[in-house]
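Please keep the sequence and the structure in view while reading.

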Amino acid sequence: MPATDTDVSPDPHPDDQWDEQVDLLILGTGAGGLAAAVTGANEGLSVLVLEKTEFLGGTTAYSAGTCWIPNNRFQRAAGVTDDAQVAGGYLDRLVGDKAPREVRESYLRNGSAAIDYFDRLGVRFWHSATVVDYHPEIEGASLGGRALEPQTFDGRILGRENFGRVRPPVPEFALFGGTMMVRRAEVNQLLTLLQGSPKAAPLAVRLGARWAKDRLTYRRGTRLAMGNALVANLFHQLLERDGQVWFHATATRLVTDAAGRVIGAVVAYQGREVRVRARRGVVLAGGGFSSSPQWRTEYLPTPTPQYTRAGEGSTGDTLALGQSVGGSLSAPQDDNAFWFPSSVARRKDGSVAVFPHIWDRSKPGIVAVGTDGRRFVDESVSYHRFVRAMYATNTVPAWLIIDARSLHRYGLGMIRPRLPKAYLRKYLRSGYLHAAPTIRELAEKIGVDADGLATTVADTNRYAATGVDAEFGKGTSPFGLQYGDPKHRPNASLGPIEKAPFYAMALVPTPLGTSLGLRTNGDAQVLDAAGGPVGGLYACGNDAASMSAAEYPGAGCQVGGGLTFGYVAARHAAHAVPSPIETLASVETS
Ligand SMILES: Cc1cc2nc3c(=O)[nH]c(=O)nc-3n(C[C@H](O)[C@H](O)[C@H](O)COP(=O)(O)OP(=O)(O)OC[C@H]3O[C@@H](n4cnc5c(N)ncnc54)[C@H](O)[C@@H]3O)c2cc1C
């Protein structure tokens with residue numbers, strides 16, 4: 001439904017007070033901001049998006065772009081019932097009263113509607129039908145069906161200049177120095193080449209030829225995948241609908257009318273202060289605070305994480321803007337973030353590479369220990385649960401221990417499988433990887449109790465033979481087993497550590513997104529301390545308190561949440577009729 005002129009508050013502010021006037025002003029170009037922008041533009045609103053960095057896409061551009069959307073179109077087509085009772089029950093049991101039920105009900109109601117809406121516009125997804133929810137032990141969890149992957153996108157559609165604006169992927173997640181993106185499924189196929197199987201050769205040739213051709217004209221390959229594909233496609237849809245994006249543009253202040261309604265922002269842009277009027281509202285979508293050392297110190301557990309793979313722009317300033325006009329933060333909880341256990345290395349150019357360990361912990365022949373040399377968790381749980389266990393047991397850093405055979409077969413962190421020995425040297429020299437001829441010597445090298453580690457390895461080797469992890473049950477959960485080695489017997493996740501040399505790699509907690517954010521209602525309106533909406537102000541993505549608090553129901557709940565509540569916010573801004581009280585307040589102040 002297009003916007004009408006009759007459902008806005010009378011404007012008490014003269015036009016000449018503003019340098020620029022739009023219907024919807026959006027701060028941030030991640031999943032949340034772009035979803036709001038595309039939806040707003042498609043609903044007939046004039047839209048301006050501000051991005052404070054030089055690149056579009058924020059953390060979303062770095063991400064896998066997975067969206068956790070219960071009751072999605074693919075499930076419905078397959079006749080799978082995943083309604084409020086099933087998925088909602090799962091969330092109720094997982095989240096309880098840590099987050100308002102109204103918000104997760106809105107997520108469940110609007111998530112699949114948002115995906116269908118974007119699909120109609122041309123932002124399409126594939127079904128990741130086998131991805132298991134992160135708490136399969138809780139009733140209502142899905143053993144496959146709720147995760148969606150953005151379809152690949154041809155960056156050439158954007159034209160060279162706009163393509164150059166899309167944030168490049170994390171170099172370690174792409175091939176050829178970060179210039180060639182491949183889907184996870186393609187990585188798995190390409191890896192079979194290293195095992196001598198020629199089946200993936202046509203795929204390799206096709207991807208390689210396209211990449212080589214692209215490189216004649218572009219700085220990187222234009223076949224975009226995962227989060228990069230998602231933000232690039234949303235950017236394209238926005239430009240098609242005359243939306244604007246300003247780069248290097250930071251909102252420094254929100255402007256309110258006398259009734260406290262947000263009516264615009266002051267923006268630092270091109271060396272001056274620009275006053276932007278937002279007739280229908282301002283959407284905060286700055287991506288939370290993963291990249292702010294101050295916010296991390298205040299809200300994340302100790303030892304405070306020093307690193308993150310999140311985009312550098314997510315520094316909490318949009319949260320502070322929301323607070324400055326009366327918005328309130330959700331109640332802090334134990335951790336206030338979603339977590340990756342990451343290994344950290346320095347790149348050749350001196351920059352820091354933070355590598356999330358998502359799948360390798362599930363492989364056979366890998367254990368994680370603390371300084372006592374003992375395990376503290378089923379290593380194959382989700383990355384979020386793994387870090388929570390690190391904090392709960394005071395195991396920061398944790399050490400991954402692996403032998404030569406498993407390292408060669410599965411790789412570890414940034415070290416890819418079947419890497420020739422000579423190439424391991426640079427990782428050893430830099431201290432990213434530690435090696436020793438015996439387990440005891442390895443323990444001494446990394447400052448871990450040698451008796452403890454020797455006992456752990458002996459136990460691990462016994463579990464590998466029996467197929468039963470008597471301590472933590474690694475190899476029993478459908479979540480962990482999906483990333484095990486199906487060819488390994490008797491258990492896909494349990495293998496021995498017996499072939500020298502032995503290796504160790506340190507893991508530290510890194511937030512991949514923050515869950516503490518501005519309180520919102522089911523319409524994505526920011527709420528004040530009394531629980532009422534701050535007129536004209538919305539929040540989505542990590543700027544809004546997570547619908548599941550710091551609980552992680554399944555792969556994609558953050559990008560999925562960003563898309564859902566960006567869509568909800570823009571539709572509300574486009575179509576909501578202001579309440580009589582809001583209208584009255586505006587008239588009285590004119
Ligand atoms: C490696 C990695 C993989 C991940 N994979 C997934 C996944 O597959 N699925 C999933 O759900 N989650 C994933 N996550 C987490 C997820 O990517 C983020 O939580 C999510 O993308 C955040 O989206 P957002 O829209 O809130 O913010 P962002 O995508 O971070 O975008 C916010 C943007 O706002 C800009 N900004 C900030 N302040 C201002 C300001 N004042 N004015 C203007 N602009 C501003 C920032 O520069 C940034 O570009 C992953 C995270 C990482 C690090």
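## The shell around the ligand

In this predicted model, the shell around the ligand is made up of 13 nonpolar residues, 22 polar residues and four charged ones. The shell counts 39 residues, and of these E51, T60, N542, Q558 and V559 come nearest to the ligand.

A backbone N or O atom of T59 is 2.9 Å from an oxygen atom of the ligand, while a polar backbone atom of G57 lies 3.4 Å from a ligand oxygen, and for A285 the corresponding distance from a polar backbone atom to an oxygen atom of the ligand is 3.5 Å. Taken alone, the ligand would expose 1000 Å², of which the protein buries 97%.

Two or more residues of the shell come from each of helix 1 (31-42), strand 2 (47-51), helix 2 (58-62), strand 9 (250-256), helix 11 (317-324) and helix 18 (557-575). Helix 2 gives the largest share, with four residues.

## Helix 9

How far apart are the end C-alpha atoms of helix 9? They are 21 Å apart, which agrees with the 21 Å that its 15 residues (226-240) should span at 1.5 Å a residue, because the expected span is 1.5 Å times one less than the number of residues.

Just after helix 9, D242 takes a positive phi of about 65°.

Key
Residues numbered from 1 in each chain as written. Predicted model: local features only at pLDDT ≥ 70, side-chain atom pairs only at ≥ 80, totals over all residues. Heavy atoms only, no water. Near = heavy atom within 4 Å. Polar contact = N/O pair within 3.5 Å; in protein donor to acceptor, adjacent residues only side chain to side chain. Areas by Shrake-Rupley, 256 points an atom, 1.4 Å probe, with all protein chains shown as cover. Nonpolar A, V, L, I, M, F, W, Y, C, P; charged D, E, K, R; others polar.
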